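Thank you for sending this entry for comment. Please look over the sequence and the structure before turning to the points below.

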Amino acid sequence: MSADQEKSMTGTTLQASQLQRMLSGQTILQDISLTVAPGDVVGLLGKNGSGKTTLLETLLGFGFASFGNCSVWGEESTKMSSDCKQRIGYVPQRDELPGEMTAKQLFHLYRQLRPRWDGDMVERLMPAWELSETKRIRRMSEGQKQKLAIVLALAHQPELLVLDEPVASLDPIARRQFFQQLMDYACSDNRAIIFSSHIVSDMERIVNRIWCLQGGQLSCDRTLDDLYESVVRVSYKGELAQAQKVAIEGLLHSEEDRVGGQLILNNWSQGRLIALQNCGLENITVSGLSLEEIFLYLHGAKHE
Ligand SMILES: Nc1ncnc2c1ncn2[C@@H]1O[C@H](COP(=O)(O)OP(=O)(O)OP(=O)(O)O)[C@@H](O)[C@H]1O
């Protein structure tokens, strides 16, 4: 193992502290502190306009923070050396591929620029993903362009892979192939992945950490397991007075039926069961939620 590889196994891949970003006089990102370590597969969730693209672009140094700082492998994001950039793969939300070129021409170019180019992977993925090497990129469909952008981002075996809505234009079969490829890629311990997507069910299969952006602020930065254990559905028999309900910590949602009801609670711990029993509730059962349900409840978007 090289010294560089050893360093990235143990060190922090990416770090941001009190990050703020203003655009056209508006605060888009506010007070964001986070770290990414080798082995992290981070899913970035947030409503339209919550700041996901702006955050990813700022972390990678495509724009300057108005306050705070961010760095990749210890190098300030906006001043990264070319060595550092070589270790990153990025798929932007909007296609930025040169339309007049073919994939074959692009590969030829990239192979010269990127020492760790994995020609075997490219040769395997192109037919598997039904991509033409000889068609001009501008004649490709949006989904085909997105797939090509993913191949290009993966082909130099980056240690940090950042994907901004990589599956938005992909059909269900292509999405499955993409996630399989991403899982293979994530198997190597020294790699880290950050990707944003609105398709939460897909994300759930691969990530081990979740970031939620709400109005430009990082409202959640938790491991997936922690989130599953923390946000739960509690079913009960009995009746809760309004005053009792208001006093329940972390209550995200509640609904009642003739014999009892359900509570969706944040920050759940087994110790809280006694407090609910003390409210006179019986037959209390606690069950988990899907990531999509958790996301909707945390955003107050799940209705009775
Ligand atoms: N150059 C800019 N000038 C002013 N405002 C901007 C600029 N770029 C983005 N914004 C605003 O910043 C906010 C966040 O945009 P961003 O694209 O980061 O959101 P997003 O979470 O990626 O959204 P989506 O899910 O729709 O892709 C939006 O309100 C957007 O209008």
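This is a predicted model: local features need pLDDT of at least 70, side-chain atom pairs count only at pLDDT 80 or more; totals for chains, interfaces and linings use all residues.

The points that follow go from the overall architecture to the core, the strands and the ligand.

1. The protein has twelve helices and 14 strands, and its C-alpha atoms fill a box of roughly 70 × 45 × 40 Å when taken along the principal axes. Of its 304 residues, 33% count as buried. Among contacts between residues at least 6 apart in sequence, 71% join residues that are at least 24 apart.

2. The chain is divided into two parts, with domain 1 covering residues 3–227 and domain 2 covering residues 232–288. The C-alpha centres of domain 1 and domain 2 lie 40 Å apart.

3. The largest nonpolar core has 68 residues, and the residues with the most contacts inside it are Val42, Val162, Ile193, Ile194 and Trp211. Helix α6, which spans residues 142–154, gives the most to this core, namely five residues. At least three residues of the core are drawn from each of domain 1 and domain 2.

4. Which residues does Val42 touch, once those up to four places away in sequence are set aside? They are Val36, Ile193, Ile194, Val207, Arg209 and Trp211. Ile193, Ile194 and Trp211 are also listed, together with Val42, among the residues with the most contacts inside the core.

5. Strand β4 (residues 67–72) pairs with strand β1 (residues 14–23) in the antiparallel sense over five bridges, and within this pairing Gln20 has Phe67 of β4 as its bridge partner. Strand β4 is also joined by two bridges to strand β5 (residues 75–76), again in an antiparallel arrangement, where Val72 is partnered by Glu75 of β5. The strands β4 and β5 form a hairpin with two residues between them, and Trp73 in the turn has a positive phi of about 45°.

6. There are 13 residues around the ligand, and those that come nearest are Leu23, Asn48, Lys52, Thr53 and Thr54. Strand β2 (26–36) and helix α2 (52–59) each supply at least two residues of this shell, and the largest share, three residues, comes from α2. How many residues of the shell are nonpolar, polar and charged? The shell divides into two nonpolar residues, ten polar residues and one charged residue.

Terms used
Residues are numbered from 1 along each chain as its sequence is written. Two strands pair if DSSP finds at least two bridges between them. Helices (H or I, at least four residues) and strands (E, at least two) are DSSP runs, numbered from the N terminus. A residue is near a molecule or strand if its C-beta atom, placed from the backbone, lies within 6 Å of it. Ala, Val, Leu, Ile, Met, Phe, Trp, Tyr, Cys and Pro count as nonpolar, Asp, Glu, Lys and Arg as charged, and the others, Gly among them, as polar. Domain bounds come from an automatic or database domain assignment. A nonpolar core is a set of buried Ala, Val, Leu, Ile, Met, Phe, Trp, Tyr and Cys residues joined through C-beta atoms within 7 Å. A residue is buried if 20 or more other C-beta atoms lie within 10 Å of its own, exposed if 12 or fewer, and partly exposed in between; C-beta atoms are placed from the backbone. Two residues are in contact if their C-beta atoms, placed from the backbone, lie within 7 Å.
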